[in-house]
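Visitor: I'm new to this one, and I'd like to learn how to read it. Could you walk me through it, one feature at a time?

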Amino acid sequence: MNYSFRKKNKIVKYLVIHYTGMRNFELSYKKLSNPRSNVSTHYLISREGIIFNLLCLRFKAWHAGLSKWKCHSNINDYSIGIELENRGHDFGYQSFTKKQYLSLKKLIIFLKKNFYLLDENILFHSDISPNRKQDPGEKFLAKEIAIDRFKNIKNSTCNTNIDKMLKIYGFHKYYINNYNSLCIMAVKRSLNYKRISSSISKKFINDFYNLLFT
Ligand SMILES: [Zn+2]
């Protein structure tokens, strides 16, 4: 198992939701618990909804890799990682199961209470590494876990400038400046678009606006 010690000044603030992106559960479990794999996670949820706690939350897991969110970099320092079993975009991307959503929802309630986490800090890997990652992807339905990531934004000043909206969503300025179209694709995944492209249609601006402000 890979892990590091958490630094005292870096407390857990975020949850990061992933998919495993591997052919089956056994391969995912082996990879996530293999010290030579260079990755690890705190939780793994099988398609049957069984929650595996692979690493004590007191330690830092290696799930996010190069990542940034708002003003933070290296999100592993501040987060708990949750992997959902799913073949992912490379091996036949699946819908997540009802049992997975149910278990994830329970786990999130438990973690929110214990770490005083806010809905807005429950993140997707594709948000914090939009240039490298697509998970959990457009088939992940946030409404199934009853979180509203943008509820605290809703009374703030509305804006339809796309870069400002990306900033309000939470992307780090490095990604907005260097990977703008990939940030747009990450938002489309959050909006559960079936086709993910970087085009900015009127419909997209409208959907994005509604996600943030209404
Ligand atoms: Zn991931």
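Visitor: Which residues does V16 touch, not counting residues up to four places away in sequence?

Guide: A word on the ground rules before that. This is a predicted model, where local features need pLDDT of at least 70, side-chain atom pairs count only at pLDDT 80 or more, and totals for chains, interfaces and linings use all residues. Residues are numbered from 1 along each chain as its sequence is written. Now, contact: two residues are in contact if their C-beta atoms, placed from the backbone, lie within 7 Å. Leaving out residues up to four places away in sequence, V16 touches H63, A64, I75, S79, G81, L123, H125 and I128.

Visitor: How much of the contact pattern in the protein chain comes from residues 24 or more positions apart?

Guide: Looking at contacts with a separation of 6 or more, 69% are between residues 24 or more positions apart.

Visitor: Is strand β2 mostly covered or open?

Guide: Two ideas first. Helices (H or I, at least four residues) and strands (E, at least two) are DSSP runs, numbered from the N terminus. A residue is buried if 20 or more other C-beta atoms lie within 10 Å of its own, exposed if 12 or fewer, and partly exposed in between, with C-beta atoms placed from the backbone. Here β2 covers residues 14–19, and six of its six residues are buried. Y14, V16 and H18 are buried on one side, and L15, I17 and Y19 on the other. Across the protein chain, buried residues make up 36% of the 214 residues.

Visitor: What should I know about the largest nonpolar core?

Guide: The general idea is that in soluble globular proteins, nonpolar side chains tend to be buried together. A nonpolar core is a set of buried Ala, Val, Leu, Ile, Met, Phe, Trp, Tyr and Cys residues joined through C-beta atoms within 7 Å. The largest one here has 28 residues, and L15, V16 and L123 have the most contacts inside it. At least two residues of this core come from each of β2, β3 (43–45), β8, α3 (98–115) and β9. The biggest giver is β2, with five residues. Another core lies apart from it, with ten residues, including F171, Y175, I184 and A186.

Visitor: In what order do the strands of the open sheet run?

Guide: For pairing, the rule is that DSSP finds at least two bridges between two strands. The open sheet has five strands in the order β4-β3-β8-β2-β9, with mixed pairing. Its edge strands, β4 (51–53) and β9, each pair on one side only. Angles come from axes, which are lines fitted to C-alpha atoms, for helices over the stretch in contact; they run from 0 to 180 degrees between N-to-C directions. With direction ignored, neighbouring strands of this sheet are turned by 25° against each other on average. Helix α3 packs on the sheet, touching β2, β3, β4, β8 and β9, and its direction makes about 170° with that of β8.

Visitor: Which bridges tie β2 to its partner β8?

Guide: Strand β8 (residues 79–84) pairs with β2 in the parallel sense over six bridges. One example is Y19, whose bridge partner in β8 is L84. L84 is also the bridge partner of I45, and β3 and β8 are parallel too, over three bridges. On the β9 side (residues 122–124), three bridges join the parallel pair β2 and β9, with I17 opposite F124.

Visitor: Why does N131 count as partly exposed?

Guide: N131 counts as partly exposed because it has 14 C-beta neighbours inside 10 Å. N131 sits in the loop between α4 (125–128) and α5 (162–169). Not counting residues up to four places away in sequence, N131 touches Y175, Y179 and L182.
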